[in-house]
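Here is a short briefing on one protein chain. Look at the picture first, then read the points below.

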Amino acid sequence: MLGFSVEELAMAGRGGGAPRMGLSRVSEAAWLQRDVDRAARAHAFDAHPDAVRVLPGAEAAGREVAALIGVAGGLAEAARATWEDLCILQADGDAYVLTGAAVAFPTDWRVEDKIGQPLAAIHAPIHGYAEQLAAGVDHFFATLAAGPIFGRANWFVVADDAWRYLPTDDPATRFAQVTRENAGQTLYLRCERQTLRRLPDSGAVLFTIGVAVAALDTLSVRVVRRVSAALDTGPAGEHARRAAPYYAPALAAYATLRDDRSIEEAA
């Protein structure tokens, strides 16, 4: 089962190696998070009106999303009623294009940069996507039936616990203070719980993104160990894109420190 906590999502997400979709079935009952901080969602959307974009032709799909979630209106209203950010993708020939998005809590991307773009362009910054994932993702979108829901987890090591993670500073500066001793308080694991489902009426695909964040010190030794190992075995290009060279050595040393402490506690 694809859980909602950082602990659960970290274990379900990538464990290193080549990029993969890593999809699993999600039940209707476990589709979206039930406990919703509507105030945090409203604050983000009120402060960033550009976080919602719906292109002409996607309005009906937006209303369908709202009805599915159980609120009146369209995509904007639906996203305020859920913890998850919502993206609509519609077929344009052989490609699927992002035609609607309501993203309160982005992880290093902006709606205005992705709206109207096909999947290949949206994922272009991800190293290895074109070579190893694009064909499989395109096939999945083309053959996804209405009804089943699929989910996956993704995670990032970040420098703060802000819901909106859009750093503009140099990563060398961002992670300069991280050491073996303080990595547990200065590094955070930011997880995305992502789901995909076909909307039966419009035929669009709905992509949801639920964010969870926790400091490394609050996570189990096995999660810290898994994250550190994944950073060691991931593709070099993706390693660089995620700014890992600036924190990975300290994180690895911290993981060893946590291992040593757990051994001492068990003795």
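The notes below cover a strand, a helix and some aromatic rings. The model is predicted.

- Strand β6 spans residues 188-198, and eleven of its eleven residues are buried.
- In a regular strand, side chains alternate between the two faces of the sheet.
- Both faces of β6 are covered: one side includes Y188 and L196, the other includes L189 and C191.
- Strand β5 (residues 149-158) pairs with β6 in the antiparallel sense, over ten bridges.
- In this pairing, F150 stands opposite L196.
- Strand β7 (residues 205-215) also pairs with β6 in the antiparallel sense, over eleven bridges.
- Here R198 stands opposite V205.
- Six residues lie between the strands in the hairpin of β6 and β7, where G203 takes a positive phi near 80°.

**Helix α10**
- Helix α10 (residues 221-233) has 13 residues, so at 1.5 Å a residue it should span 18 Å.
- Its end C-alpha atoms are 19 Å apart, which agrees.
- Buried residues in α10 include V221, V224 and L231.

**Aromatic rings**
- The whole structure holds seven aromatic pairs.
- W83 and F105 form a tilted pair, 4.9 Å centre to centre, with 55° between the planes.
- These two residues are 22 residues apart in the chain, and both are buried.
- W83 and W163 form an edge-to-face pair, with 85° between the planes.
- W163 counts as partly exposed because its relative accessibility is 34%.
- Y96, F140, F141 and F150 form one aromatic cluster.

**Charges over rings**
- The charged end of R25 sits over the ring of F150, 5.5 Å from its centre.
- R193 lies over the face of F4, at 3.8 Å from the ring centre.

Note on methods:
Residues numbered from 1 in each chain as written. Predicted model: local features only at pLDDT ≥ 70, side-chain atom pairs only at ≥ 80, totals over all residues. Heavy atoms only, no water. Buried < 20%, exposed > 50% of the residue type's maximum accessible area, 1.4 Å probe, protein only. Helix = DSSP H or I, 4+ residues; strand = E, 2+ residues; numbered from the N terminus. Pairing = 2+ DSSP bridges. Expected span 1.5 Å × (residues − 1). Phe/Tyr/Trp six-rings, centres within 6.5 Å; stacked < 30°, edge-to-face > 60°. Lys NZ or Arg CZ within 6 Å of the ring centre and 35° of its normal.
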